[in-house]
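Dear colleague,

Please find below the structure that I am handing over to you. My findings follow it.

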Amino acid sequence: MCSELTSLALEHAQHAAPAITHLRWEDTGLTAVRRRTGTPGQRLAAELAESTAHLLADLAVTTIRQCDAYDCVIWFLPTNPRRRWCSAALCGNRMRVARHYQRRRSEKLRTPSTHCRG
Ligand SMILES: [Zn+2]
């Protein structure tokens, strides 16, 4: 899934904005804050590259799936293997409403009209 070229690109993006952990004494004690050097664009690319590297190395990556909604482009990590939509409240509800509409429409087309003209 991950080629050597992909791996090198992810490493290159992270090298452009390396992360350094800064220790600070605060009222509550010692805290560690991780900050990146570089321009905002380099920092964003480095964060995305690091997250991508962690995701690709995680076995859960094999369960990532695309949302079943016909007009949705989102991919998600399902918490339940039967989950079909990125969001049950948004895409799931839209698809259920669309299925209901289609069923009602086909029932109306099959039912002969009781109206008589003439
Ligand atoms: Zn969706």
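The radius of gyration is taken over C-alpha atoms, and the globule rule used beside it is 2.2 Å times the number of residues to the power 0.38. For 118 residues, a compact globule would come out near 13 Å, whereas the protein has 25 Å. Its C-alpha trace spans about 90 × 45 × 30 Å along the principal axes.

Please note that this is a predicted model, in which local features need pLDDT of at least 70, side-chain atom pairs count only at pLDDT 80 or more, and totals for chains, interfaces and linings use all residues. Residues are numbered from 1 along each chain as its sequence is written.

The protein has three helices and four strands, in the order α-β-β-α-β-β-α from the N terminus. Helices (H or I, at least four residues) and strands (E, at least two) are DSSP runs, numbered from the N terminus.

Of the 118 residues, 9% count as buried, that is, with 20 or more other C-beta atoms within 10 Å of their own, C-beta atoms being placed from the backbone. The largest nonpolar core consists of six residues: Leu10, Ala13, Ala17, Ala45, Ala46 and Ala49. Such a core is a set of buried Ala, Val, Leu, Ile, Met, Phe, Trp, Tyr and Cys residues joined through C-beta atoms within 7 Å. Helices α1 (4-16) and α2 (40-57) each supply at least two residues of this core, and the largest share, three residues, comes from α2.

Ala49 touches Leu10, Ala13 and Gln14, leaving aside residues up to four places away in sequence; contact requires C-beta atoms, placed from the backbone, within 7 Å.

Yours sincerely

Technical notes
A residue is buried if 20 or more other C-beta atoms lie within 10 Å of its own, exposed if 12 or fewer, and partly exposed in between; C-beta atoms are placed from the backbone. Two residues are in contact if their C-beta atoms, placed from the backbone, lie within 7 Å.
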